[in-house]
Amino acid sequence: MRLISVAVPVPRLDALTYNVPHRFPDLPPVGARVRVPVGTRTLVGCVIGHDPTAGPDTETRDVKEVLDHEPFLPAAIVELCKWVAEYYMAGIGDAIGVALPPTSRRVSGYKTRRIVAATPHLGSDPGSRGLTPQQREALGMLAAAPAGLPASVLRDRGVGADVLRRLAVRGLVAMRAERDERDPFGRAALADVVRDTDRALTGEQDAALATLSRLAETGTFQVALLHGVTGSGKTEVYLRLAEQVCRLGRQVLLLVPEIALTPSVAALLRSAFGERVAIQHSALSGGERHDQWQRIRRGDVDVVVGTRSAVFAPLARTGLIIVDEEQDSSYKQDETPRYHGRDVAIVRARAEGALVVLGSATPSLESYQNAAAGKYTRVTLERRVLDRSLAGVRLVNMREEYAEQGPEVIVSRALVAAIRDRLSRREQVVVLLNRRGYSTAVFCRQCGDTFECPNCSVSLTVHRASGLSRGAPPLGRARHDAERVEESRRWKARCHYCNYSNDVPRACRKCAAPYLEQAGVGTAKVEQHLIELFPEARVRRVDRDSVRRRGALTTVLSKFAAGEVDILVGTQMIAKGHDFPRVTLVGVISADIGLGLADFRAAERTFQLLTQVAGRAGRGERAGEAIVQTLYPEHYSIQVACRQDYATFFERELAYRRSMRYPPVVALINAVVRGRTFADAAGAAATLVRELDAPARDVPFIVLGPAPAPLGRLRGEHRVQFFLKGTRRAAMRCALRDALAAHPRLERRVTIDVDPLNVL
Ligand code: ADP
Ligand code: ZN
């Protein structure tokens, strides 16, 4: 038998063994795609190994078709996926899935589009031949486009497929397939990003670049932490280092946290490397991603820029992987496989002998500790370029503000005055609130009942229905009844976890009292409040609700960059990376969101967010200021963020993690067990924990729980969780695997997260 091991797209499944019948003369190489039977279906899988050990009585099925004779996925990427599956306890098919371009399970290597053109022999007057008006109209359009038009364009202009088919049958039009490589830069690039190539580096940048180049030139695996304050010019260092690595004949991968940051960095790379750049992120259409992936695979590019999954880009000669804002939580995938892009980058670089540069103004505790321990080379940029000073941070104690101004205050007097001042000087303002929606809770003033999601244990957030951009909420006390009925239709209460949505109720469902109140401020309410406070200002909002439409984010950001917007309100999407020189004030509506969460990383996240957002101010010639509203001005993460004092933060936070035995001092694995009832979930979790606690085993870790997960119900299911905590991940994984193997019926109800970032 000629046996191969194949990863198939079935969740949680290990590799399957197949026989390659002799009608296929060559064994497909690792990375090739094959069509294989799985149960009653036929699926496209990926070869991950040869000669697997199949027991003598295993009935191996035959491969049905070999789709590639060359590796489709490079063998090195297959190896990386195997590591991901093992480390993060995911199925190999899940891991291979993230490395494949979106359409590769279909067979054709390229995406094509249909082009329709009028046939040449067509006379200039087809009118007399009994054509319908639509057919005549279509021919008119095609006469104006001698090279033909894509069928999709014709469809947009009202010409359907059936019209074209009838014309084709009569020989009046011809259709052809054309390889379709769209250019995602065309739309994504911010128009005014121009790189100033002749400017001199600052002394610090120069020294950092020299150290990093030396590491790159060794051609061996190295990790460097580039710790540079906001505005210190890290991007320029990345670009110069990338150029050097390319000159050495190797390729560069630049990972960025969010799509929001990609356009400007991508445009800078475009100006430095021209056509030899590819872009990979999830906001591209499937076709665009596929085209870009193929360009990388063919070796047409030197540089790839992208978000998390770009770490699997099929580059063959990777010499440098840059992870910008390495602390950013978007590098962690929150569905299976739950990998961390930064950590996968390091594993990849180790296998390929490349340099990793982790860049950040606020490194994660994990990375900073590795640097402090000498595992990573530390490179620092302590000053902003051109001697610009860091923004001064002023705290506003909101407890005092409420006492003096009443509990309804959203924007403090200090912040209002500062905004007015900036507007009068025609400078720009960024206002951050890390919570979207209008108001974040609805409750009854009579009985206190809150309006919760029927499927999840969270309160619903009130949003404006789409299309309604302005207006007050429906629950105002003085309003007329009919008016309230009418208005409440325009508002929706929505769950941010399962997307459940319903009309905002007009009366309490429990006690029927008509005294519903909204509480908790979201970005939409801040936006409206600012419009009312500053009617002359141009206010725009950026959060996941406002930028759902493709391109919407780029539009708002370029308007802001062009000075056509005065105040930008938004969630953490606007906190990072952006470089808007005319912003001289950043306001933070509530620094405390997150501090109350039962998560040991809450202080770290607050510190990072405040430092990042304060880093948006004063990046141009005029100095910047940040005003931070908080209920806990004495909290250490807020205090040290104000001073932008990373070292002190690190010492304090690490001491806390040591005393509590939290990462990075130990490793964690989180397991969430789902059930239809609480008892069901709790029982299943208890069974697994008993298995893990088996006294016979020599235990190098401890088990915490089971306990109800903080989000006790999600999408209608009850959730109970437990943790494994210890210093040897391999032993922890192994024990968990054994426990699951002993209860195979429970496996599909368990979600495992190795190195969890969010514990919900
Ligand atoms: P960071 O990513 O470290 O926050 P950026 O890379 O965004 O900082 O740089 C901040 C600003 O300084 C940008 O506008 C950039 O164009 C500018 N800049 C970078 N290096 C220099 C330099 N050597 N001289 C002048 N301006 C620079
Ligand atoms: Zn829900």
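How do the residues of the shell around ligand 1 divide into nonpolar, polar and charged? I opened my notebook with that. The model I used is predicted.

**Entry 1: the shell**

I sorted the residues around ligand 1 and got 5 nonpolar, 7 polar and 4 charged. The shell holds 16 residues. I then looked up which of them come nearest, and found Q205, G231, T235, D579 and R619.

**Entry 2: polar contacts of the ligand**

I started with G231. A polar backbone atom of G231 lies 2.6 Å from an oxygen atom of ligand 1. Next I checked G233. Here too a polar backbone atom faces a ligand oxygen, at 3.1 Å. R199 uses its side chain: an N or O atom there is 2.9 Å from an oxygen of ligand 1. I also looked up the area. Ligand 1 on its own exposes 570 Å², and the protein buries 83% of that.

**Entry 3: strand β25**

I moved on to β25, which covers residues 567-570. Are its residues buried or exposed? I found that all are buried.

**Entry 4: partners of β25**

Which strands pair with β25? I found β18, residues 428-432, running parallel to β25 and joined to it by 4 bridges. L432 has G570 as its bridge partner. I also found β24, residues 539-542, which pairs with β25 in the parallel sense over 4 bridges. In that pairing, V539 stands opposite I567.

Methods:
Residues are numbered from 1 along each chain as its sequence is written. Chains are lettered from A and ligands numbered from 1 in the order in which they are written. This is a predicted model: local features need pLDDT of at least 70, side-chain atom pairs count only at pLDDT 80 or more; totals for chains, interfaces and linings use all residues. Side-chain values use heavy atoms; hydrogens and water are left out. Buried means under 20% relative accessible area, exposed over 50%, partly exposed in between (1.4 Å probe, protein chains only). Helices (H or I, at least four residues) and strands (E, at least two) are DSSP runs, numbered from the N terminus. Two strands pair if DSSP finds at least two bridges between them. A residue is near a molecule or strand if one of its heavy atoms lies within 4 Å of it. A polar contact is a pair of N or O atoms within 3.5 Å; within protein, one must be able to donate a hydrogen and the other to accept it, and residues adjacent in sequence count only if both atoms are side-chain atoms. Accessible areas come from the Shrake-Rupley method with a 1.4 Å probe; for residues, only the protein chains shown count as cover. Ala, Val, Leu, Ile, Met, Phe, Trp, Tyr, Cys and Pro count as nonpolar, Asp, Glu, Lys and Arg as charged, and the others, Gly among them, as polar.
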